[in-house]
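Reader: I have not looked at this one before. Can you put it up, and I'll ask as I go?

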Amino acid sequence: MTLYHFFGCAFLSFSIPFWLFIFTVWKDPLRVIVFITSAFFWLLSLFLSSVLWYAVEPLRSQLAFGLVFSVLFQEAFRLAFYALLKKAESGLMLLLEVEAKRNPAEPAKTFNRATMSYVSGLGFGVMSGIFSMLNVLASSGGAGIVGIRGGSQLFFLTSALMTHALILLHTCWSVVFHAHLDRRQWWAPPIVVASHMLISCLTLFNQSDNPQYAISLVPAFVMLIIFAFWALYVSGLRVRTLKQGVCCCLLTPATGQVFVPAN
């Protein structure tokens, strides 16, 4: 039973991020570099949060204290990674040009800021998810029955769903954060920080003797839907382009005509 919990929670947490990495990142060396670098930046934010938590000894038992500063450090490093990515843009474009000259037969690749923001957010989120679920997965694979000592039977399921939502939220947050900084629209990044802080603070309700998982889960997925559409919008998706994309997917290679499913 515990083995089922282990694999179920692992697949629920990382299935969609895994396939996003395989289909959108894995085949492009530049995207892999950005993915790994952004994951390293998240680790740096965790390191600074740990140093602060250890330094302030009287507040070590206060989970809210560590949580607030952890979110602030993560957003500071999201901003730092944006600055690094913008500074390295010319060099990355040069690398793409050199690669295009070496492989003239392959389609030329272009540097797309929205794509790099998406990849950096995915790296941020995956590393966050790994550290969030590591101990939970280790516990779920051990001997025992969920809830046998009075704990909630929904703990592992809730942890997996929350991790899944936060990975995708980090991806959307980075796209929105970077896009509005590029446009010098300073009102949007504080919204990203505030939403991250809100979702993280709502998880404190899960620490009580009678955890209210819905208080954190429902807002997290509602926020995910909102930021997913926001990220798609700032990336250039419109109703017209969406229709064109659907039509392209329905084109048959043989005739070039649009395929319309029968009623």
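Reader: Where does His178 lie?
Author: His178 lies in helix 6. Keep in mind that this is a predicted model.

Reader: Is His178 buried or exposed?
Author: His178 is buried, with a relative accessible area of 1%. The cut-off for buried is under 20%.

Reader: And what is His178 in contact with, leaving aside its neighbours within four places in sequence?
Author: With those neighbours set aside, His178 touches Arg78, Phe81, Tyr82, Ser117 and Ser120.

Reader: OK, on to helix 5 and helix 6. At what angle do their axes cross?
Author: Roughly 160°, and the two axes come within 8 Å. Helix 5 covers residues 113-140 and helix 6 covers residues 155-182.

Reader: Why give both an angle and a distance?
Author: Because two packed helices are described by the angle between their axes and the distance between the axes.

Reader: Which is it for helix 5 and helix 6, roughly parallel or roughly antiparallel?
Author: The crossing is roughly 160°, and angles over 145 degrees count as roughly antiparallel. Helix 5 is therefore roughly antiparallel to helix 6.

Reader: Is the crossing left-handed or right-handed?
Author: Helix 5 passes helix 6 in a right-handed crossing.

Reader: What does the contact of helix 5 with helix 6 have, by class of residue?
Author: It has 12 nonpolar residues, 15 polar ones and two charged ones.

Reader: Changing topic: how many salt bridges does a search of the whole structure find?
Author: Four. One of the salt bridges is between Arg113 and Asp182, where the closest N and O atoms are 3.1 Å apart.

Reader: Where are Arg113 and Asp182?
Author: Arg113 is in helix 5 and Asp182 is in helix 6, so the pair ties together parts that are 69 residues apart in sequence.

Reader: Which residues do salt bridges with shared partners join to Arg113 and Asp182?
Author: Glu89 is joined with Arg113 and Asp182 into one network. The side chains of Glu89 and Arg113 meet in a salt bridge at 2.9 Å, N to O. That pair also links distant parts of the chain, since Glu89 is in helix 4 (residues 89-102) and Arg113 in helix 5, 24 residues apart.

Reader: How do Glu89, Arg113 and Asp182 come out on accessibility?
Author: Glu89 counts as buried at 14% relative accessibility. Arg113 is partly exposed at 35%, and Asp182 is partly exposed with a relative accessible area of 27%.

Reader: What about the salt bridge of Asp28, which residue is the partner?
Author: Arg31; the two side chains meet at 3.5 Å, N to O. Asp28 is buried, with a relative accessible area of 12%, while Arg31 is partly exposed at 25%.

Reader: Now the whole protein. How many helices and strands?
Author: Nine helices and zero strands. Along the sequence the pattern reads α-α-α-α-α-α-α-α-α.

Reader: How much of the protein is made up of buried residues?
Author: Of the 263 residues in the protein, 37% are buried.

Reader: Last one: for contacts with a separation of 6 or more, what share comes from residues 24 or more positions apart?
Author: They account for 77% of those contacts.

Technical notes
Residues are numbered from 1 along each chain as its sequence is written. This is a predicted model: local features need pLDDT of at least 70, side-chain atom pairs count only at pLDDT 80 or more; totals for chains, interfaces and linings use all residues. Side-chain values use heavy atoms; hydrogens and water are left out. Axes are lines fitted to C-alpha atoms, for helices over the stretch in contact, and angles run from 0 to 180 degrees between N-to-C directions. Helices (H or I, at least four residues) and strands (E, at least two) are DSSP runs, numbered from the N terminus. Angles under 35 degrees count as roughly parallel, over 145 as roughly antiparallel, 65 to 115 as roughly perpendicular and the rest as oblique. A crossing is left-handed if the near helix is turned anticlockwise from the far one by less than a right angle, and right-handed if clockwise. Ala, Val, Leu, Ile, Met, Phe, Trp, Tyr, Cys and Pro count as nonpolar, Asp, Glu, Lys and Arg as charged, and the others, Gly among them, as polar. Buried means under 20% relative accessible area, exposed over 50%, partly exposed in between (1.4 Å probe, protein chains only). Contact means heavy atoms within 4.5 Å.
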